[in-house]
Amino acid sequence: MTPLASRETPQGPLRILRDDDQAPEVPIEPGELARMYRTMLLARNLDDRLIRLQRQGRISFHIGSLGEEAAIVGSAAAMLPADWIWPCYREFAAALYRGMPLEAYLDNMFGNADDPSRGRQMPDHWTGRAWNVGSVSSPVGTQIAQAPGMAWAAKRRGDDVAVLVYFGEGATSEGDFHVGLNFAGVFKAPCIFFCRNNGWAISVPASRQTASKSIAVKATAYGVAGVQVDGNDVLAVHRAVREARERCRRGEGATLIEALTYRLGPHSTSDDPRGYRKEEEVEPWRAADPLPRFRRYLEQRGLWSDADEERVTAEIESEIRAAIEVAERKGPPPLESLFDDVYARRPWHLEEQYREALRLREEG
Ligand SMILES: Cc1ncc(C[n+]2csc(CCOP(=O)(O)OP(=O)(O)O)c2C)c(N)n1
């Protein structure tokens, strides 16, 4: 089920969903399984809609999760409400799973007046303190060093809080990867490092990121647990993260999880992967698409049907349509807000610029 065998550890990644779509002893409630699948469907529909909005010039950018939905939703579903997640940028489905409303996500996509980043960030740079979701940062990998700091603080306070941090395999070539994992290893921070190894960092293949056999094997050097999982098997991802969460609770510290998956789409709305990768490489991963795979499992357990698929898809489409309509109508943040949130007390030079901006607006 993971066509790029060259990225596997010798023992192979953890799998739960078998080739016959059955899975033994899945300790997840049927209602939660359906919610996981629904969120994966929502992510896929959102990707499709947002790419079209970008092509119509209604948003400026989108960075999607096509093909990576199992890795993203399976991991988010395994965390507890008091936990935190530190996203990369593809994990909007994880934030939605944790309760971030669709409208809040779309507020950021439009950079409108209700966007928590007040339109100062690119689209797909959402954040949500209310749902324990850290802010997406543009520089690759910075969150890998921030997350274990937060996890260590929780440990010092004696809170049962763990932190899940997402990143791609390209980010493992950044210094932050070493800083974060080394810190977590030394201080036994309750942190789960979740690498979505999706084969490509824009146009650079995973094979150019490391000479190691895998990303997971690097855990040994940092003295943390390391697991490689089939990232298109939502149940295996859930189990790997839940077990890592339990290690955090027992005070055993961090885990590095490498989820083998594949970026079926472009890096973002700004590139065309046909310029750097061959269609023959993509095809087997289309056949390993995590959505139909999970759906077949749910169907054979009697937890999902064609009628459910049709009803839920229609629900999702109308939710997305309604939320886009509201977010698009809100308009941009007020000009004055440009000068807020920088200093507690505005210094004289900013005060001057502020007055100048108001004057220019009045003059039209
Ligand atoms: C420090 C830094 N270098 C380069 C970039 C440009 N850039 C943005 S995303 C990206 C690829 C990241 O790949 P990966 O970490 O594998 O994550 P993926 O996009 O595959 O999910 C690059 C090089 C950046 N944003 N920050």
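Predicted model: local features only at pLDDT ≥ 70, side-chain atom pairs only at ≥ 80, totals over all residues.
Pairing here asks for at least two bridges found by DSSP between two strands. Residue numbers start from 1 along each chain, following the sequence as written.

E2 also runs parallel to strand E3 (residues 191–197), and six bridges join these two. Val163 shows up in both pairings: Trp84 has Val163 as its bridge partner in E2, while Cys191 is the partner of Val163 in E3. How many of the six residues of E2 are buried? Six of the six are, so to speak, under cover. Buried takes 20 or more other C-beta atoms within 10 Å of a residue's own, exposed takes 12 or fewer, and partly exposed is in between, with the C-beta atoms placed from the backbone. Val163, Val165 and Phe167 point one way from E2, with Leu164, Tyr166 and Gly168 pointing the other way, and all of them are buried.

## Around the ligand

The ligand is surrounded by 17 residues, and the closest are Val140, Gly168, Gly170, Ala171 and Ala201. Strand E2 (163–168) turns up again here: along with strand E4 (200–201), E2 is one of the elements that give two or more residues to the shell. A residue makes it into the neighbourhood if its C-beta atom, placed from the backbone, lies within 6 Å of the molecule.

Sorted by class, that shell holds eight nonpolar, five polar and four charged residues. The scheme puts Ala, Val, Leu, Ile, Met, Phe, Trp, Tyr, Cys and Pro under nonpolar, and Asp, Glu, Lys and Arg under charged; the others, Gly among them, are polar.

## Overall build

Zooming out, the protein has 12 helices and seven strands. It splits into domain 1 (5–333) and domain 2 (335–364), with bounds that come from an automatic or database domain assignment. The centres of domain 1 and domain 2, taken over C-alpha atoms, are 38 Å apart. The C-alpha trace spans about 70 × 50 × 40 Å along its principal axes.

How does the radius of gyration fit a compact globule? The protein has 21 Å, which agrees with the value near 21 Å that a compact globule of 364 residues would have. That radius is taken over C-alpha atoms, and the globule rule is 2.2 Å times the number of residues to the power 0.38. Of the 364 residues, 45% count as buried. Among contacts between residues at least 6 apart in sequence, 75% join residues at least 24 apart. A contact needs two C-beta atoms, placed from the backbone, within 7 Å.

## Two buried helix residues

Ser75 is part of helix H2 (residues 69–77). It counts as buried because it has 30 C-beta neighbours inside 10 Å. Setting aside residues up to four places away in sequence, Ser75 touches Ala94, Leu164, Phe194, Val237 and Val241. Ala240 is 165 residues away from Ser75 in sequence but 8.2 Å away in space, C-alpha to C-alpha.

Arg245 is located in helix H8 (residues 234–249). Is Arg245 buried or exposed? It counts as buried, because 20 C-beta neighbours lie inside 10 Å. Beyond its neighbours within four places in sequence, Arg245 is in contact with Ala78, Met79, Ala162 and Ile192. There are 84 residues along the chain between Arg245 and Val161, yet 9.3 Å separates their C-alpha atoms.

## Partly exposed spots

Two residues stand out for backbone angles. Asp21, in the segment before helix H1 (30–55), has a positive phi of about 70° although it is not a glycine. Ile202, in the loop between E4 and strand E5 (204–205), is not a glycine either, and its phi is positive too, near 50°. With 16 other C-beta atoms within 10 Å, Asp21 is partly exposed; Ile202 is partly exposed with 14.

Gln353 belongs to helix H12 (residues 348–363). It is partly exposed because 13 other C-beta atoms lie within 10 Å. Gln353 and Glu315 are 38 residues apart in sequence, and their C-alpha atoms are 47 Å apart in space.

Key
Helix = DSSP H or I, 4+ residues; strand = E, 2+ residues; numbered from the N terminus.
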